[in-house]
Amino acid sequence: MDEEYEVIVLGTGLKECILSGLLSVDGVKVIHMDRNDYYGGESTSLYLNQLWKKFRGEEKAPEHLGASRDYNVDMMPKFMMGNGKLVRTLIHTDVTKYLSFKAVDGSYVFVKGKVQKVPVTPMEAMKSNLMGIFEKRRAGKFFGYVQDYDEKDPKTHNGMDLTKLTTKELIAKFGLDDNTIDFIGHAIALHTNDEHLHQPALDTVMRMKLYAESLARFQGSSPYIYPLYGLGELPQAFARLSAVYGGTYMLNKPDCTVEFDEEGKVTGVTSEGETAKCKKVVCDPSYLPNKVNKIGRVARAIAIMSHPIPNTNDSHSVQVIIPQKQLARKSDMYVFCCSYSHNVAPKGKFIAFVSTDAETDNPQTELKAGIDLLGPVDEIFFDMYDRYEPVNEPASDNCFISTSYDATTHFETTVADVLNMYTLITGKQQLDLSVDLSAASAAEE
């Protein structure tokens with residue numbers, strides 16, 4: 001290990017593995033280390049017995065739940081937008097050849113005490129039970145405006161400058177009511193709070209367009225896709241990518257200590273008496289705890305069930321977003337469900353998660369509104385974890401630290417963090433996700 005590398009990556013969470021893969025593709029000399037003997041870090045997937053040991057402290061789960069290895073329970077469950085940045089990153093890096101995906105059955109929102117399908121087109125808006133007949137017409141006009149909007153074509157702007165007009169001002173022009181504004185902002189544009197209402201409307205409109213494009217891309221009943229066998233496959237796929245481009249991987253490396261010079265700049269990483277020298281370190285917050293601040297906690301429940309979530313059209317995979325206002329909370333609540341149809345559970349079994357930014361120390365009480373949507377459960381586990389964000393200056397110490405995973409059940413915020421880190425690490429303005437490396441390599445051949 002006594003060699004010099006440009007970048008040492010610590011931790012094999014999804015963010016770190018994506019960055020390791022992207023940097024290796026760029027020709028950067030990378031070594032990737034993890035104190036664990038498995039890939040995934042905090043975003044790993046667990047067999048049933050591993051889940052049982054983690055939450056119940058027992059070696060084996062009850063036999064009536066099925067074979068342990070038929071379960072792949074994600075610890076950070078998230079769906080991917082069909083045309084979102086993560087899918088485009090997978091295509092750009094040709095990682096798709098290591099993975100198989102399947103569309104997610106449903107996208108729902110909890111409004112006015114009911115679980116309702118999220119409408120995204122003028123046609124769907126007219127059929128939706130979310131709105132009365134006059135509101136449907138107004139919403140249909142708004143969706144039509146968003147559908148036709150082209151940032152480069154002023155004729156589609158209707159005389160409005162969305163870089164100056166706030167989301168609230170734009171929506172006011174269409175006269176939509178608070179419940180409609182709620183599901184548009186949280187279940188379509190996927191904002192995590194209401195700050196977007198006072199910010200330029202362009203971001204919300206582009207997010208809505210992404211949702212519609214993702215829906216169209218796979219022509220399913222939701223804009224989301226999810227890998228067969230769960231998200232645990234993703235870090236390993238990016239690890240393979242890094243290895244193909246010359247990256248080195250070392251698991252089960254205990255006590256990884258980041259070394260610094262007198263000026264506070266990173267010089268390498270020491271483990272088991274050996275030091276690998278480097279110019280930069282990329283890691284999750286657990287490797288440099290003195291360079292991060294706690295920014296909150298996530299409360300979550302993990303449920304094993306023998307049925308789909310009620311009122312979701314028997315969807316075997318589904319997301320339900322509960323906007324903050326619907327529960328008089330400061331943050332949204334997310335319900336995620338997957339099942340044997342994505343090979344994450346035995347036949348007839350469903351895995352559901354309920355998560356939110358914790359506002360109390362009691363997850364059982366705090367998550368009740370989401371758990372109530374699940375119907376009867378076979379088993380349920382409760383958990384809370386802390387979230388951290390970096391407070392260091394990467395330009396001063398050459399340490400690039402990811403932010404802890406949030407409570408959302410979609411990947412948009414996760415990938416935004418990865419791409420921002422990529423820019424900081426490389427100094428490149430932006431990763432060009434329009435380049436398909438598989439197509440490029442095929443052309444070279």
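Which residue in E16 is the bridge partner of isoleucine 321? I looked it up, bearing in mind that this is a predicted model, and found tyrosine 334. The strands here are E15 (residues 318-322) and E16 (residues 333-339), which pair in the antiparallel sense over five bridges.

Next I traced the whole sheet. I read seven strands in the order E8-E7-E15-E16-E17-E14-E18, an open sheet with mixed pairing. Strands E8 (114-117) and E18 (379-390) each have a single partner strand, so one side of each lacks a neighbour in the sheet. From one strand to the next, the twist averages 25°.

Then I checked the helices. I found H2 (residues 48-56) lying across E14 (292-305) and E18, at about 75° to E18. Helix H7 (residues 178-188) lies across E7 (106-111) and E15, and runs at about 140° to E7.

Domain 1 and domain 2 each contribute at least three residues to the lining of the largest cavity.

The second largest cavity has a volume of about 40 Å³. I listed its lining residues, among them Asn72, Asp74, Tyr226, Phe336 and Phe353. By class, that lining divides into seven nonpolar, one polar and one charged. Strand E4 (73-74), E16 and E17 each supply at least two of its residues.

Methods: Residues are numbered from 1 along each chain as its sequence is written. This is a predicted model: local features need pLDDT of at least 70, side-chain atom pairs count only at pLDDT 80 or more; totals for chains, interfaces and linings use all residues. Side-chain values use heavy atoms; hydrogens and water are left out. Two strands pair if DSSP finds at least two bridges between them. Helices (H or I, at least four residues) and strands (E, at least two) are DSSP runs, numbered from the N terminus. Axes are lines fitted to C-alpha atoms, for helices over the stretch in contact, and angles run from 0 to 180 degrees between N-to-C directions. Contact means heavy atoms within 4.5 Å. Domain bounds come from an automatic or database domain assignment. On a 1 Å grid over the protein atoms alone, a cavity is a set of points where a 1.4 Å probe fits but cannot get out, and a pocket is an open set with protein on both sides within 12 Å along at least five of seven lines; lining residues have an atom within 4 Å of a point. Grid points are joined across faces, edges and corners, and a volume is the space filled by probe spheres set on the points. Ala, Val, Leu, Ile, Met, Phe, Trp, Tyr, Cys and Pro count as nonpolar, Asp, Glu, Lys and Arg as charged, and the others, Gly among them, as polar.
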